[in-house]
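Here is a short report on one protein chain.

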Amino acid sequence: MHSMADERFAPRFPADTLDAFALAPVSRTPDKPAVVECDASGTVTAVSYRALARRVDAYAEGLTAGGVGIGDRVVVASHTSASAIAVMLACSRVGAVFVPVDPDIPALRLDAIIETTDAAAVLRPAGAATSDHGRAPSGTFEADGRITLTGARTPRTRHRRTTVGGDPAYIIFTSGTTGRPKGVVMSHHSALAFYRGTQRFGAVTPDDRVASTSPLAFDVALFDICVTMGTGATLIAVPRAYLSFPRRLLGHLEATGATVVHGVPSLWRPLLRHEPDRVAALGEHLRGILFAGENFPLAELRHLRALLPRLRVVNAFGATETVACSFAEVPDPLPEDAEALSIGHGYPGAEILLLDETGRPVDEPGVAGEMYIRCPSLFSGYWDDPEATRRVLVPDPLEPRSGQLVYRSGDLAYRDASGELYFCGRADSMVKIRGNRIELGEIERRLTEHPGVTSALVLALDGPDGEAALSAFLVAPGGTVTPAELAERCRRSMPVYMTPKRFLFLDALPLNANGKIDRTALTALATTDTHAHPDREPHDELLRR
(Lines give C-alpha, C1' and ligand atoms only; values in the text may rest on other atoms or scores of the structure.)
Protein backbone atom coordinates (compact mmCIF):
# COMPACT_ATOMS: atom_id res chain seq x y z
CA MET A 1 0.00 0.00 0.00
CA HIS A 2 1.32 3.44 -0.92
CA SER A 3 1.88 5.90 1.92
CA MET A 4 0.41 8.79 -0.11
CA ALA A 5 -3.08 8.95 -1.60
CA ASP A 6 -3.44 8.62 -5.37
CA GLU A 7 -3.90 12.22 -6.57
CA ARG A 8 -6.28 11.09 -9.30
CA PHE A 9 -8.81 10.48 -6.53
CA ALA A 10 -7.45 12.79 -3.82
CA PRO A 11 -6.10 15.82 -5.71
CA ARG A 12 -3.88 18.38 -4.04
CA PHE A 13 -5.61 21.18 -2.18
CA PRO A 14 -5.31 24.63 -3.79
CA ALA A 15 -2.88 27.09 -2.24
CA ASP A 16 -3.56 27.47 1.47
CA THR A 17 -1.49 30.59 2.15
CA LEU A 18 -0.91 33.93 0.46
CA ASP A 19 2.65 33.15 -0.57
CA ALA A 20 1.70 29.84 -2.21
CA PHE A 21 -1.14 31.56 -4.09
CA ALA A 22 0.80 34.63 -5.26
CA LEU A 23 3.94 32.70 -6.24
CA ALA A 24 2.16 29.88 -8.09
CA PRO A 25 3.21 31.36 -11.49
CA VAL A 26 6.88 30.73 -10.63
CA SER A 27 6.48 27.16 -11.88
CA ARG A 28 4.77 28.26 -15.12
CA THR A 29 6.28 31.59 -16.14
CA PRO A 30 9.37 32.14 -13.95
CA ASP A 31 10.91 34.83 -16.15
CA LYS A 32 7.77 36.88 -16.63
CA PRO A 33 7.73 40.25 -14.80
CA ALA A 34 5.90 39.92 -11.50
CA VAL A 35 6.39 43.53 -10.40
CA VAL A 36 7.25 46.68 -12.35
CA GLU A 37 8.50 49.55 -10.21
CA CYS A 38 10.63 52.70 -10.24
CA ASP A 39 14.11 52.68 -8.73
CA ALA A 40 15.52 55.61 -6.75
CA SER A 41 16.37 57.51 -9.95
CA GLY A 42 12.87 57.08 -11.38
CA THR A 43 13.94 54.42 -13.88
CA VAL A 44 11.33 51.75 -14.54
CA THR A 45 12.59 48.28 -13.65
CA ALA A 46 11.02 44.82 -13.61
CA VAL A 47 11.39 41.95 -11.13
CA SER A 48 10.57 38.49 -12.46
CA TYR A 49 8.58 35.87 -10.62
CA ARG A 50 11.78 33.82 -10.21
CA ALA A 51 13.73 36.76 -8.75
CA LEU A 52 10.85 37.71 -6.46
CA ALA A 53 10.56 34.14 -5.17
CA ARG A 54 14.28 34.12 -4.34
CA ARG A 55 13.87 37.37 -2.45
CA VAL A 56 10.95 35.87 -0.51
CA ASP A 57 13.15 32.88 0.41
CA ALA A 58 15.92 35.18 1.64
CA TYR A 59 13.56 37.36 3.68
CA ALA A 60 11.95 34.28 5.22
CA GLU A 61 15.37 33.10 6.35
CA GLY A 62 16.09 36.55 7.78
CA LEU A 63 12.82 36.64 9.70
CA THR A 64 13.42 33.19 11.11
CA ALA A 65 16.96 34.14 12.12
CA GLY A 66 15.50 37.19 13.85
CA GLY A 67 13.26 35.01 16.00
CA VAL A 68 10.02 35.59 14.07
CA GLY A 69 7.73 32.58 13.96
CA ILE A 70 4.16 31.39 13.51
CA GLY A 71 1.60 33.87 14.78
CA ASP A 72 4.08 36.70 15.42
CA ARG A 73 3.09 40.13 14.16
CA VAL A 74 5.50 42.00 11.88
CA VAL A 75 4.83 45.72 11.37
CA VAL A 76 6.06 46.95 7.99
CA ALA A 77 6.18 50.70 7.25
CA SER A 78 6.63 50.96 3.50
CA HIS A 79 5.16 51.98 0.19
CA THR A 80 4.39 49.25 -2.34
CA SER A 81 7.55 47.85 -3.94
CA ALA A 82 8.88 44.48 -5.03
CA SER A 83 10.81 44.21 -1.77
CA ALA A 84 7.80 45.14 0.39
CA ILE A 85 5.73 42.54 -1.48
CA ALA A 86 8.46 39.98 -0.86
CA VAL A 87 8.44 40.83 2.86
CA MET A 88 4.67 40.31 2.95
CA LEU A 89 5.00 36.91 1.27
CA ALA A 90 7.93 36.00 3.51
CA CYS A 91 5.74 36.70 6.54
CA SER A 92 3.20 34.31 5.05
CA ARG A 93 5.95 31.75 4.42
CA VAL A 94 7.06 31.67 8.09
CA GLY A 95 3.49 31.96 9.45
CA ALA A 96 3.89 35.52 10.73
CA VAL A 97 1.13 38.11 10.50
CA PHE A 98 1.81 41.00 8.12
CA VAL A 99 0.83 44.41 9.59
CA PRO A 100 1.35 47.14 6.97
CA VAL A 101 1.37 50.80 7.99
CA ASP A 102 2.00 53.99 6.07
CA PRO A 103 5.68 55.03 6.20
CA ASP A 104 4.56 58.55 7.19
CA ILE A 105 2.35 57.32 10.02
CA PRO A 106 2.39 59.60 13.10
CA ALA A 107 4.75 58.27 15.76
CA LEU A 108 2.01 58.06 18.41
CA ARG A 109 -0.22 55.99 16.14
CA LEU A 110 2.65 53.69 15.15
CA ASP A 111 3.58 53.16 18.80
CA ALA A 112 -0.06 52.33 19.58
CA ILE A 113 -0.14 49.68 16.81
CA ILE A 114 3.19 48.19 17.92
CA GLU A 115 1.99 48.02 21.50
CA THR A 116 -1.48 46.62 20.81
CA THR A 117 -0.18 43.91 18.47
CA ASP A 118 2.82 43.06 20.67
CA ALA A 119 4.86 43.17 17.46
CA ALA A 120 7.83 40.84 17.09
CA ALA A 121 9.54 43.17 14.59
CA VAL A 122 9.16 46.58 12.93
CA LEU A 123 10.63 46.84 9.43
CA ARG A 124 11.27 49.68 6.97
CA PRO A 125 12.97 49.71 3.56
CA ALA A 126 16.73 50.24 3.54
CA GLY A 127 17.53 53.95 3.60
CA ALA A 128 14.36 54.91 5.44
CA ALA A 129 14.64 56.61 8.80
CA THR A 130 14.32 54.10 11.63
CA SER A 131 13.86 54.57 15.35
CA ASP A 132 14.01 52.40 18.42
CA HIS A 133 10.44 51.57 19.37
CA GLY A 134 11.52 49.90 22.61
CA ARG A 135 8.81 47.25 22.61
CA ALA A 136 10.01 45.45 19.48
CA PRO A 137 13.21 44.90 17.48
CA SER A 138 13.36 47.25 14.50
CA GLY A 139 15.33 47.18 11.29
CA THR A 140 15.39 47.28 7.52
CA PHE A 141 15.00 45.05 4.49
CA GLU A 142 17.40 45.32 1.54
CA ALA A 143 16.65 44.63 -2.12
CA ASP A 144 19.31 41.89 -2.06
CA GLY A 145 17.23 39.88 0.44
CA ARG A 146 18.91 40.89 3.69
CA ILE A 147 16.91 41.73 6.79
CA THR A 148 18.70 43.52 9.63
CA LEU A 149 17.05 43.63 13.05
CA THR A 150 18.35 45.37 16.16
CA GLY A 151 16.94 45.65 19.64
CA ALA A 152 16.00 43.29 22.42
CA ARG A 153 13.73 40.41 21.50
CA THR A 154 10.88 39.41 23.77
CA PRO A 155 11.22 35.70 24.66
CA ARG A 156 8.35 33.78 23.09
CA THR A 157 7.34 30.22 23.90
CA ARG A 158 6.59 28.27 20.72
CA HIS A 159 3.74 25.76 20.60
CA ARG A 160 3.00 25.84 16.87
CA ARG A 161 4.69 23.75 14.18
CA THR A 162 2.96 24.60 10.92
CA THR A 163 0.84 27.34 9.39
CA VAL A 164 -2.77 26.50 8.53
CA GLY A 165 -5.15 28.36 6.25
CA GLY A 166 -7.30 29.60 9.11
CA ASP A 167 -4.35 31.45 10.68
CA PRO A 168 -4.19 35.26 10.42
CA ALA A 169 -2.45 36.44 7.25
CA TYR A 170 -2.59 40.17 7.87
CA ILE A 171 -4.03 42.90 10.08
CA ILE A 172 -5.23 46.15 8.53
CA PHE A 173 -5.65 49.03 10.98
CA THR A 174 -8.48 51.42 10.23
CA SER A 175 -10.06 54.34 12.04
CA GLY A 176 -11.94 53.17 15.15
CA THR A 177 -14.92 54.49 17.08
CA THR A 178 -13.13 54.00 20.42
CA GLY A 179 -10.49 56.61 19.60
CA ARG A 180 -7.80 54.02 18.93
CA PRO A 181 -6.93 52.25 15.66
CA LYS A 182 -9.09 49.20 14.94
CA GLY A 183 -7.25 46.13 13.62
CA VAL A 184 -9.12 43.96 11.09
CA VAL A 185 -7.68 40.43 11.25
CA MET A 186 -7.94 38.47 7.99
CA SER A 187 -7.02 34.79 7.65
CA HIS A 188 -5.33 33.20 4.65
CA HIS A 189 -8.47 31.23 3.81
CA SER A 190 -10.73 34.28 3.96
CA ALA A 191 -8.49 36.48 1.84
CA LEU A 192 -7.96 33.72 -0.71
CA ALA A 193 -11.71 33.07 -0.92
CA PHE A 194 -12.22 36.65 -2.07
CA TYR A 195 -9.23 36.62 -4.41
CA ARG A 196 -10.54 33.45 -6.08
CA GLY A 197 -14.00 34.99 -6.34
CA THR A 198 -12.38 37.94 -8.12
CA GLN A 199 -10.68 35.55 -10.53
CA ARG A 200 -14.06 33.97 -11.29
CA PHE A 201 -15.43 37.43 -12.02
CA GLY A 202 -12.63 37.92 -14.56
CA ALA A 203 -11.34 41.29 -13.38
CA VAL A 204 -7.74 40.40 -14.28
CA THR A 205 -6.25 38.12 -16.94
CA PRO A 206 -2.71 36.66 -17.16
CA ASP A 207 -1.91 39.12 -19.95
CA ASP A 208 -2.71 42.20 -17.85
CA ARG A 209 -0.39 44.77 -16.34
CA VAL A 210 -2.27 46.10 -13.32
CA ALA A 211 -1.44 49.57 -11.97
CA SER A 212 -1.97 49.67 -8.20
CA THR A 213 -2.42 53.16 -6.74
CA SER A 214 -3.50 52.39 -3.14
CA PRO A 215 -1.15 52.63 -0.15
CA LEU A 216 0.28 49.33 1.06
CA ALA A 217 -1.42 49.92 4.42
CA PHE A 218 -4.80 49.41 2.71
CA ASP A 219 -6.23 45.99 2.01
CA VAL A 220 -6.95 47.18 -1.54
CA ALA A 221 -3.20 47.15 -2.21
CA LEU A 222 -2.91 43.57 -0.90
CA PHE A 223 -5.85 42.65 -3.12
CA ASP A 224 -4.07 44.16 -6.14
CA ILE A 225 -0.87 42.29 -5.33
CA CYS A 226 -2.36 38.87 -4.70
CA VAL A 227 -5.02 38.83 -7.42
CA THR A 228 -2.59 40.15 -10.02
CA MET A 229 0.21 37.74 -9.16
CA GLY A 230 -2.08 34.81 -8.39
CA THR A 231 -3.47 35.21 -11.90
CA GLY A 232 0.01 35.29 -13.41
CA ALA A 233 -0.25 38.94 -14.49
CA THR A 234 2.18 41.82 -13.79
CA LEU A 235 1.72 44.35 -10.98
CA ILE A 236 2.74 47.97 -11.59
CA ALA A 237 3.65 49.68 -8.32
CA VAL A 238 2.68 53.32 -8.94
CA PRO A 239 4.87 55.68 -6.84
CA ARG A 240 2.75 57.62 -4.36
CA ALA A 241 4.52 60.84 -5.34
CA TYR A 242 3.15 60.54 -8.89
CA LEU A 243 -0.51 60.61 -7.83
CA SER A 244 -0.51 64.38 -7.27
CA PHE A 245 1.03 65.16 -10.66
CA PRO A 246 -1.15 64.26 -13.67
CA ARG A 247 1.68 64.33 -16.21
CA ARG A 248 3.93 62.10 -14.12
CA LEU A 249 1.14 59.64 -13.44
CA LEU A 250 0.08 59.47 -17.07
CA GLY A 251 3.68 59.17 -18.17
CA HIS A 252 4.17 56.25 -15.80
CA LEU A 253 1.03 54.48 -17.04
CA GLU A 254 2.23 54.98 -20.62
CA ALA A 255 5.81 53.84 -19.92
CA THR A 256 4.72 50.70 -18.09
CA GLY A 257 1.97 49.75 -20.54
CA ALA A 258 -0.77 49.53 -17.90
CA THR A 259 -3.81 47.62 -19.14
CA VAL A 260 -5.85 47.91 -15.91
CA VAL A 261 -5.81 50.73 -13.35
CA HIS A 262 -7.20 50.24 -9.84
CA GLY A 263 -7.86 53.34 -7.76
CA VAL A 264 -10.38 55.71 -6.24
CA PRO A 265 -12.50 57.72 -8.74
CA SER A 266 -10.96 61.02 -7.57
CA LEU A 267 -7.68 59.75 -9.02
CA TRP A 268 -9.09 60.53 -12.48
CA ARG A 269 -10.42 64.03 -11.73
CA PRO A 270 -7.18 66.02 -12.27
CA LEU A 271 -6.25 63.82 -15.24
CA LEU A 272 -9.55 64.56 -16.98
CA ARG A 273 -9.36 68.24 -16.11
CA HIS A 274 -5.77 68.95 -17.10
CA GLU A 275 -4.62 66.19 -19.50
CA PRO A 276 -7.63 64.82 -21.44
CA ASP A 277 -5.64 64.21 -24.63
CA ARG A 278 -3.10 62.07 -22.79
CA VAL A 279 -5.90 60.18 -21.07
CA ALA A 280 -7.32 59.40 -24.51
CA ALA A 281 -3.87 58.21 -25.65
CA LEU A 282 -3.98 55.51 -22.94
CA GLY A 283 -6.55 53.75 -25.12
CA GLU A 284 -3.73 52.13 -27.05
CA HIS A 285 -3.19 49.70 -24.16
CA LEU A 286 -5.60 50.49 -21.28
CA ARG A 287 -8.58 48.10 -21.41
CA GLY A 288 -10.18 48.56 -17.99
CA ILE A 289 -10.36 50.33 -14.66
CA LEU A 290 -11.47 49.00 -11.30
CA PHE A 291 -12.61 51.60 -8.78
CA ALA A 292 -13.57 51.42 -5.13
CA GLY A 293 -13.74 53.53 -1.99
CA GLU A 294 -16.06 56.31 -3.18
CA ASN A 295 -18.74 57.18 -5.73
CA PHE A 296 -17.67 57.91 -9.29
CA PRO A 297 -19.30 61.25 -10.31
CA LEU A 298 -21.36 60.44 -13.40
CA ALA A 299 -20.23 63.51 -15.34
CA GLU A 300 -16.59 62.51 -14.87
CA LEU A 301 -17.33 58.90 -15.76
CA ARG A 302 -19.08 59.97 -18.97
CA HIS A 303 -16.06 62.17 -19.81
CA LEU A 304 -13.68 59.25 -19.22
CA ARG A 305 -15.81 56.95 -21.36
CA ALA A 306 -15.90 59.55 -24.16
CA LEU A 307 -12.08 59.63 -24.18
CA LEU A 308 -11.75 55.84 -23.84
CA PRO A 309 -14.86 54.42 -25.57
CA ARG A 310 -13.97 50.72 -25.23
CA LEU A 311 -12.97 50.94 -21.57
CA ARG A 312 -14.31 48.28 -19.20
CA VAL A 313 -15.30 49.90 -15.89
CA VAL A 314 -15.90 47.79 -12.77
CA ASN A 315 -17.30 49.10 -9.50
CA ALA A 316 -15.98 47.18 -6.46
CA PHE A 317 -17.81 47.76 -3.19
CA GLY A 318 -17.37 46.56 0.36
CA ALA A 319 -15.48 46.78 3.62
CA THR A 320 -12.07 45.65 4.84
CA GLU A 321 -13.89 43.09 7.01
CA THR A 322 -14.77 41.06 3.89
CA VAL A 323 -12.07 42.56 1.58
CA ALA A 324 -15.08 43.65 -0.52
CA CYS A 325 -18.50 42.16 -1.10
CA SER A 326 -19.63 42.96 -4.63
CA PHE A 327 -18.64 43.80 -8.19
CA ALA A 328 -20.67 45.57 -10.84
CA GLU A 329 -19.98 46.12 -14.51
CA VAL A 330 -20.75 49.75 -15.34
CA PRO A 331 -23.01 49.73 -18.44
CA ASP A 332 -21.54 50.91 -21.71
CA PRO A 333 -23.05 53.18 -22.76
CA LEU A 334 -24.22 54.57 -19.45
CA PRO A 335 -27.97 55.30 -19.73
CA GLU A 336 -28.73 58.99 -20.16
CA ASP A 337 -31.20 58.92 -17.25
CA ALA A 338 -28.78 57.15 -14.86
CA GLU A 339 -28.61 58.91 -11.49
CA ALA A 340 -26.45 56.41 -9.59
CA LEU A 341 -24.21 53.44 -10.26
CA SER A 342 -25.19 49.97 -9.17
CA ILE A 343 -22.89 48.06 -6.81
CA GLY A 344 -24.18 44.86 -8.42
CA HIS A 345 -24.58 41.62 -6.49
CA GLY A 346 -22.40 39.66 -4.11
CA TYR A 347 -19.09 38.58 -5.63
CA PRO A 348 -19.00 34.97 -6.91
CA GLY A 349 -19.41 32.90 -3.75
CA ALA A 350 -21.07 35.62 -1.65
CA GLU A 351 -24.64 36.73 -0.98
CA ILE A 352 -26.02 40.04 0.33
CA LEU A 353 -29.15 40.26 2.46
CA LEU A 354 -31.02 43.50 3.26
CA LEU A 355 -32.74 43.84 6.64
CA ASP A 356 -34.91 46.64 7.99
CA GLU A 357 -34.57 48.22 11.44
CA THR A 358 -36.64 45.41 13.01
CA GLY A 359 -34.44 42.70 11.54
CA ARG A 360 -36.89 41.60 8.85
CA PRO A 361 -35.72 40.92 5.26
CA VAL A 362 -36.33 43.68 2.73
CA ASP A 363 -37.47 42.29 -0.61
CA GLU A 364 -39.37 45.24 -2.10
CA PRO A 365 -37.56 47.20 -4.85
CA GLY A 366 -36.62 50.74 -3.84
CA VAL A 367 -36.80 50.08 -0.07
CA ALA A 368 -33.52 50.57 1.81
CA GLY A 369 -32.14 48.10 4.30
CA GLU A 370 -28.86 47.37 6.03
CA MET A 371 -26.50 45.04 4.17
CA TYR A 372 -25.66 41.72 5.86
CA ILE A 373 -22.90 39.81 4.05
CA ARG A 374 -22.83 36.01 3.86
CA CYS A 375 -19.49 35.01 2.36
CA PRO A 376 -16.36 32.86 2.79
CA SER A 377 -14.13 35.94 3.13
CA LEU A 378 -15.27 37.02 6.60
CA PHE A 379 -12.58 38.51 8.80
CA SER A 380 -11.62 36.66 11.97
CA GLY A 381 -12.36 39.62 14.24
CA TYR A 382 -11.00 42.93 15.45
CA TRP A 383 -7.63 42.54 17.11
CA ASP A 384 -8.03 42.42 20.90
CA ASP A 385 -11.59 43.75 20.73
CA PRO A 386 -14.10 40.91 21.15
CA GLU A 387 -16.95 43.29 22.00
CA ALA A 388 -16.61 45.21 18.73
CA THR A 389 -16.29 41.88 16.89
CA ARG A 390 -19.55 40.58 18.37
CA ARG A 391 -21.37 43.71 17.19
CA VAL A 392 -20.66 43.01 13.53
CA LEU A 393 -20.10 39.24 13.28
CA VAL A 394 -23.65 38.21 14.12
CA PRO A 395 -25.71 35.00 13.90
CA ASP A 396 -27.37 34.38 10.57
CA PRO A 397 -30.61 36.41 10.90
CA LEU A 398 -32.50 33.94 8.71
CA GLU A 399 -31.50 30.90 10.75
CA PRO A 400 -29.67 31.86 13.98
CA ARG A 401 -29.76 28.25 15.21
CA SER A 402 -27.23 27.21 12.57
CA GLY A 403 -24.26 28.85 14.27
CA GLN A 404 -23.31 30.53 10.99
CA LEU A 405 -22.04 34.09 11.29
CA VAL A 406 -22.61 36.92 8.82
CA TYR A 407 -21.14 40.42 8.64
CA ARG A 408 -23.39 43.29 9.64
CA SER A 409 -21.88 46.00 7.47
CA GLY A 410 -23.62 49.21 8.55
CA ASP A 411 -24.03 50.02 4.85
CA LEU A 412 -27.51 50.87 3.58
CA ALA A 413 -28.68 49.85 0.13
CA TYR A 414 -31.81 49.17 -1.91
CA ARG A 415 -32.55 46.92 -4.88
CA ASP A 416 -34.01 47.99 -8.19
CA ALA A 417 -36.64 45.94 -10.03
CA SER A 418 -33.96 43.68 -11.54
CA GLY A 419 -32.33 42.94 -8.17
CA GLU A 420 -29.28 45.17 -8.63
CA LEU A 421 -28.06 46.82 -5.40
CA TYR A 422 -27.53 50.57 -4.93
CA PHE A 423 -25.61 51.99 -1.98
CA CYS A 424 -27.45 54.84 -0.24
CA GLY A 425 -25.52 55.68 2.93
CA ARG A 426 -24.31 54.51 6.32
CA ALA A 427 -26.15 53.57 9.47
CA ASP A 428 -23.30 54.97 11.61
CA SER A 429 -20.65 57.71 11.56
CA MET A 430 -18.15 56.03 9.22
CA VAL A 431 -17.32 57.86 5.98
CA LYS A 432 -14.84 57.41 3.15
CA ILE A 433 -12.81 60.22 1.62
CA ARG A 434 -10.60 59.41 -1.37
CA GLY A 435 -10.98 55.77 -0.38
CA ASN A 436 -9.78 56.35 3.20
CA ARG A 437 -12.08 54.85 5.81
CA ILE A 438 -12.73 57.36 8.61
CA GLU A 439 -14.68 57.04 11.84
CA LEU A 440 -15.82 60.58 12.60
CA GLY A 441 -16.14 59.68 16.27
CA GLU A 442 -12.39 59.14 16.54
CA ILE A 443 -11.71 62.68 15.33
CA GLU A 444 -14.38 64.12 17.63
CA ARG A 445 -12.84 62.37 20.62
CA ARG A 446 -9.39 63.67 19.73
CA LEU A 447 -10.71 67.23 19.50
CA THR A 448 -12.61 67.10 22.79
CA GLU A 449 -9.47 65.88 24.55
CA HIS A 450 -8.28 69.49 24.23
CA PRO A 451 -9.02 71.16 27.60
CA GLY A 452 -10.52 74.21 25.86
CA VAL A 453 -13.05 72.28 23.75
CA THR A 454 -16.32 71.22 25.37
CA SER A 455 -18.14 69.83 22.32
CA ALA A 456 -17.17 68.75 18.82
CA LEU A 457 -18.90 67.28 15.80
CA VAL A 458 -17.25 66.41 12.50
CA LEU A 459 -19.01 66.08 9.14
CA ALA A 460 -17.80 65.06 5.69
CA LEU A 461 -19.21 67.70 3.33
CA ASP A 462 -18.90 68.04 -0.43
CA GLY A 463 -16.89 71.03 -1.61
CA PRO A 464 -17.47 73.12 -4.76
CA ASP A 465 -15.46 70.59 -6.79
CA GLY A 466 -17.66 67.72 -5.60
CA GLU A 467 -14.93 66.23 -3.44
CA ALA A 468 -15.72 65.54 0.22
CA ALA A 469 -13.69 67.19 2.99
CA LEU A 470 -13.91 67.16 6.77
CA SER A 471 -15.39 70.10 8.67
CA ALA A 472 -15.19 70.31 12.48
CA PHE A 473 -17.84 72.22 14.45
CA LEU A 474 -16.66 73.11 17.94
CA VAL A 475 -17.75 74.76 21.16
CA ALA A 476 -14.73 76.34 22.90
CA PRO A 477 -16.04 78.84 25.52
CA GLY A 478 -12.73 80.51 26.33
CA GLY A 479 -12.15 81.71 22.79
CA THR A 480 -8.43 80.95 22.99
CA VAL A 481 -8.37 77.66 21.08
CA THR A 482 -6.89 78.02 17.59
CA PRO A 483 -7.36 75.85 14.50
CA ALA A 484 -3.59 75.50 14.23
CA GLU A 485 -3.25 73.73 17.59
CA LEU A 486 -6.28 71.53 16.91
CA ALA A 487 -4.91 70.55 13.49
CA GLU A 488 -1.54 69.75 15.04
CA ARG A 489 -3.24 67.68 17.76
CA CYS A 490 -4.94 65.63 15.03
CA ARG A 491 -1.79 65.24 12.93
CA ARG A 492 0.26 63.98 15.89
CA SER A 493 -1.96 60.96 16.45
CA MET A 494 -3.92 60.34 13.24
CA PRO A 495 -3.21 60.14 9.50
CA VAL A 496 -3.23 63.45 7.60
CA TYR A 497 -6.49 62.56 5.85
CA MET A 498 -8.24 62.55 9.25
CA THR A 499 -7.34 66.19 9.97
CA PRO A 500 -10.34 68.48 9.32
CA LYS A 501 -9.94 71.03 6.54
CA ARG A 502 -12.09 73.59 8.38
CA PHE A 503 -12.80 74.45 12.01
CA LEU A 504 -16.04 76.28 12.78
CA PHE A 505 -16.44 77.66 16.33
CA LEU A 506 -19.99 78.05 17.67
CA ASP A 507 -21.55 79.19 20.93
CA ALA A 508 -23.46 75.89 21.00
CA LEU A 509 -24.17 73.00 18.64
CA PRO A 510 -27.71 73.47 17.24
CA LEU A 511 -30.36 70.92 18.21
CA ASN A 512 -33.38 69.73 16.26
CA ALA A 513 -36.92 69.18 17.57
CA ASN A 514 -35.90 65.79 18.97
CA GLY A 515 -33.08 67.28 21.01
CA LYS A 516 -30.38 65.81 18.77
CA ILE A 517 -27.60 67.73 17.06
CA ASP A 518 -29.03 69.31 13.92
CA ARG A 519 -26.64 68.13 11.22
CA THR A 520 -28.75 69.72 8.51
CA ALA A 521 -28.31 73.16 10.10
CA LEU A 522 -24.57 72.63 10.45
CA THR A 523 -24.30 71.54 6.82
CA ALA A 524 -26.17 74.66 5.72
CA LEU A 525 -23.90 76.85 7.85
CA ALA A 526 -20.76 75.34 6.37
CA THR A 527 -21.90 75.30 2.75
CA THR A 528 -23.27 78.87 2.71
CA ASP A 529 -20.26 80.49 4.39
CA THR A 530 -18.43 82.74 1.94
CA HIS A 531 -15.10 82.71 3.79
CA ALA A 532 -14.36 79.05 3.10
CA HIS A 533 -11.64 78.08 0.66
CA PRO A 534 -11.38 74.32 0.00
CA ASP A 535 -7.74 74.51 -1.06
CA ARG A 536 -6.43 76.27 2.05
CA GLU A 537 -4.57 74.60 4.87
CA PRO A 538 -6.52 73.49 7.98
CA HIS A 539 -5.02 76.16 10.22
CA ASP A 540 -6.25 78.88 7.84
CA GLU A 541 -9.87 77.78 8.10
CA LEU A 542 -11.27 79.67 11.10
CA LEU A 543 -14.94 80.56 11.33
CA ARG A 544 -16.56 81.78 14.53
CA ARG A 545 -20.28 82.07 15.16
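Buried means under 20% relative accessible area, exposed means over 50%, and partly exposed lies in between (1.4 Å probe, protein chains only). This is a predicted model, where local features need pLDDT of at least 70, side-chain atom pairs count only at pLDDT 80 or more, and totals for chains, interfaces and linings use all residues. Residues are numbered from 1 along each chain as its sequence is written, and side-chain values use heavy atoms, with hydrogens and water left out.

**The chain as a whole**

The protein chain holds 14 helices and 28 strands. Its radius of gyration is 24 Å, close to the 24 Å that the globule rule gives for 545 residues, so the chain is as compact as a globular protein of that length. The radius is taken over C-alpha atoms, and the rule is 2.2 Å times the number of residues to the power 0.38. Helices (H or I, at least four residues) and strands (E, at least two) are DSSP runs, numbered from the N terminus.

The C-alpha trace spans about 80 × 60 × 55 Å along its principal axes. Buried residues make up 53% of the 545 residues. The chain exposes about 24,500 Å², and carbon and sulfur atoms supply 52% of that area. Areas come from the Shrake-Rupley method with a 1.4 Å probe; for residues, only the protein chains shown count as cover.

Take contacts (heavy atoms within 4.5 Å). Among those between residues at least 6 apart in sequence, 66% join residues at least 24 apart.

**Spaces in the structure**

The search uses a 1 Å grid over the protein atoms alone. A cavity is a set of points where a 1.4 Å probe fits but cannot get out; a pocket is an open set with protein on both sides within 12 Å along at least five of seven lines. Lining residues have an atom within 4 Å of a point. Points are joined across faces, edges and corners, and a volume is the space filled by probe spheres set on them.

The whole structure has 2 cavities of 30 Å³ or more.

| Space | Volume | Lining by class |
|---|---|---|
| Largest cavity | about 130 Å³ | 9 nonpolar, 4 polar, 3 charged residues |
| Second largest cavity | about 40 Å³ | 4 nonpolar, 3 polar, 2 charged residues |
| Second largest pocket | about 690 Å³ | 15 nonpolar, 9 polar, 7 charged residues |

Here Ala, Val, Leu, Ile, Met, Phe, Trp, Tyr, Cys and Pro count as nonpolar, Asp, Glu, Lys and Arg as charged, and the others, Gly among them, as polar.

The largest cavity has 16 lining residues, and those closest to its centre are Ala203, Val204, Val260, Ile289 and Leu290. Helix H6 (219–230) gives the largest share of this lining, 4 residues.

The lining of the second largest cavity includes His79, Thr80 and Arg240. In the second largest pocket, His79 and Thr80 are among the residues nearest the centre.

Most residues other than glycine have a negative phi, and most peptide bonds are trans. Asp118 has a positive phi near 50 degrees. It sits in the loop between helix H4 (107–117) and S5. At 37% relative accessibility, Asp118 is partly exposed.

Is Val323 buried or exposed? Val323 is buried, with a relative accessible area of 8%. Its phi is positive too, about 70 degrees. Val323 lies in the loop between S14 and S15.

Finally, a cis peptide bond joins Asp332 and Pro333, with omega about 5 degrees. Pro333 is in the loop between strand S15 (326–329) and strand S16 (345–346).
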